[in-house]
Amino acid sequence: MNLIELSPAGNFESWEIKRLNELRSEQFLERLGQSPIYENEDFRMWNITLKPKERIPFRKITNDFSYTFMTDGFAVFDQGYGNIKLGQFKKGDVYYYNIEKQGELIIDFENTSLRDLKFMVFELKSRA
């Protein structure tokens, strides 16, 4: 997996106005997908397929998670801090995000590939 920063944190000047307004509305979803394919008291598993140019709107992520890519592809994601990144993914790539170490995450995700982008998300539920 390769990640390339297209715009640094704090720089909202290059953002589309529609996305910037969506971010400013703070109407974030807290679910990582539409519906989990499996869930128990400890974790959720999501199976996500995005068509070319399809986008997952901004999410506010408060639990540790990992992505496992099932196809090769590209995606652009905007983060709530202003940075924009381009990701190049290969089938089998895994990305892990730790909330305690990396902080709460606000992010969207758009498939910029010419084909469907498929990935599984494993989300650990927080324990109070």
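Me: How many bridges join strand 3 to strand 10, and do they run parallel or antiparallel?
Reply: In this predicted model, strand 3 and strand 10 run antiparallel and are joined by eight bridges. Within that pairing, Leu 50 has Leu 117 of strand 10 standing opposite.

Me: And what joins strand 2 to strand 3?
Reply: A hairpin does, passing through three residues. Strand 2, which covers residues 38-39, runs antiparallel to strand 3 with two bridges between them, and Tyr 38 stands opposite Met 45 in strand 3.

Me: What kind of bonds do strands of a sheet pair through, by the way?
Reply: They pair through backbone hydrogen bonds, and the pairing can be either parallel or antiparallel.

Me: OK, so what order do the strands have in the open sheet of five?
Reply: The order is 1-7-6-9-4, and the pairing is antiparallel. Strand 1 (2-7) and strand 4 (55-61) are the edge strands, each of them pairing on one side only. From one strand to the next, the twist averages 25 degrees.

Me: Which helix packs on that sheet?
Reply: Helix 1, made of residues 17-25, packs there and touches strand 4, strand 6 (73-78) and strand 9, with its direction at about 30 degrees to that of strand 4. As for two of those strands, strand 4 and strand 9 (residues 105-111) pair in the antiparallel sense over five bridges, and Ile 56 stands opposite Phe 109 in strand 9.

Me: Where does Arg 55 lie relative to Phe 58?
Reply: Arg 55 lies over the face of Phe 58, at 5.5 Å from the ring centre.

Me: Changing topic: how many residues does the largest nonpolar core have?
Reply: That core has 20 residues, and the ones with the most contacts inside it are Phe 65, Phe 109, Phe 119 and Val 121. The elements giving two or more residues to this core are strand 3 (43-50), strand 4, strand 5 (65-69), strand 6, strand 9 and strand 10 (117-124). Another core, of eight residues, lies apart from it, and includes Trp 15, Phe 58, Ile 84 and Ile 106.

Me: What is Phe 65 in contact with?
Reply: Leaving aside its neighbours within four places in sequence, the contacts of Phe 65 include Leu 32, Tyr 95, Tyr 96, Tyr 97, Leu 105 and Val 121.

Me: How many aromatic pairs are there in the whole structure?
Reply: A search finds 15 of them. Trp 15 is buried at a relative accessible area of 8%, whereas Phe 12 counts as partly exposed at 27%.

Me: What about Phe 69 and Phe 89, how are those arranged?
Reply: They form a stacked pair, 3.9 Å centre to centre and with 10 degrees between the planes. Phe 69 lies in strand 5 and Phe 89 in strand 7 (residues 84-89), so their pair ties together parts that are 20 residues apart in sequence. Both Phe 69 and Phe 89 are buried.

Me: Which residues do ring pairs link into a cluster?
Reply: The cluster is made of Phe 65, Tyr 67, Phe 69, Phe 77, Phe 89, Tyr 97, Phe 109 and Phe 119.

Key: Residues are numbered from 1 along each chain as its sequence is written. This is a predicted model: local features need pLDDT of at least 70, side-chain atom pairs count only at pLDDT 80 or more; totals for chains, interfaces and linings use all residues. Side-chain values use heavy atoms; hydrogens and water are left out. Two strands pair if DSSP finds at least two bridges between them. Helices (H or I, at least four residues) and strands (E, at least two) are DSSP runs, numbered from the N terminus. Axes are lines fitted to C-alpha atoms, for helices over the stretch in contact, and angles run from 0 to 180 degrees between N-to-C directions. Contact means heavy atoms within 4.5 Å. A nonpolar core is a set of buried Ala, Val, Leu, Ile, Met, Phe, Trp, Tyr and Cys residues joined through side-chain atoms within 4.5 Å. Buried means under 20% relative accessible area, exposed over 50%, partly exposed in between (1.4 Å probe, protein chains only). Rings of Phe, Tyr and Trp (its six-membered ring) pair if their centres lie within 6.5 Å; planes under 30 degrees apart count as stacked, over 60 as edge-to-face and the rest as tilted. A charge sits over a ring if NZ of Lys or CZ of Arg is within 6 Å of the ring centre and within 35 degrees of the ring normal.
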